[in-house]
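Q: I have a model open and would like to talk through a few of its details. Could you help me read it?

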Amino acid sequence: MPKSCMHDTHSGIWSHLYVMRQCKNGVAGDVLMNNSLIDMYAPCGSIRMAWQLFEEMPERDVASWNAMIFGFAMHGYVPEALDTFSQMCITGEVKLNSISFVGVLTACRPGGLVGAGRRYFDLTVSEYKIVPQIEHYGCVVHLLARAGLVEEAIDVVSSMPIRPDVVIWRSLLNACCKRKAGVAISELLAQQILELDGGFSRGIYVILFRSMPQQTNGMMLEYLGDYCLRRG
């Protein structure tokens, strides 16, 4: 656990205990307070504490469920994240929102659950009438690219009604380089990243040179020369 996270958790535990001492009825019925505590414990890996708080809440809102799904997802508890999402749907306590689907799509990535990811993304539009945002597309592209489905990932990017961001292009570039998808497509993706990133993305050159150690093409040399001139 990072030192900063440990410090935040220790401070949070102290604050949590202080509030419990001061409030005769505790904080069980305070949805906002409990959501804040879950948001504190879960990201730092205190999943058991976050889950205990969640389970003891007599009332939950959509933020409560989303915080727990993200907490599980970010630490690789894939079955737990998906189960929590399913329970959220089944109980009908709250109405799922855009963030709920970002959470469940994020949970699909560590386990490489491509089929599940496709289904959840389709549900976003077909059943819940939620317009996918850049975060939803980013999760799907990353999931497909990580699974080696580069062509399908590129198709998703091509059909997006939103301009892809640097994160999406990077996911594709990493996948292309790992799968040896070819010099031309890798350079095209690199160019997209450089245009969005102002031409100062050193990591791109590293990725390209590592994936094509024998290549000495003109475009790569032009990129590197331009980078050096800009950086002085």
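Q: How far apart are Trp 51 and Phe 54 in helix 3?
A: They are 3 residues apart in helix 3 (residues 47–56), so about one helical turn separates them; helices here are DSSP runs of H or I with at least four residues, numbered from the N terminus. This is a predicted model, in which local features need pLDDT of at least 70 and side-chain atom pairs count only at pLDDT 80 or more, while totals for chains, interfaces and linings use all residues. Residues are numbered from 1 along each chain as its sequence is written, and side-chain values use heavy atoms, leaving out hydrogens and water.

Q: What sits over the face of Phe 54?
A: Arg 60 does, at 4.3 Å from the ring centre, where the rule asks for NZ of Lys or CZ of Arg within 6 Å of the centre and within 35 degrees of the ring normal.

Q: Switching to helix 5, which of its residues are buried?
A: In helix 5, Val 78, Ala 81, Leu 82, Thr 84, Phe 85 and Met 88 are buried. Seen down the helix axis, they fall within an arc of 160°, so they line one face of helix 5; the arc is that of the directions from the axis to the C-beta atoms.

Q: And which residues are exposed on the other side?
A: Pro 79 and Ile 90 are exposed there.

Note on methods
Helices (H or I, at least four residues) and strands (E, at least two) are DSSP runs, numbered from the N terminus. Buried means under 20% relative accessible area, exposed over 50%, partly exposed in between (1.4 Å probe, protein chains only).
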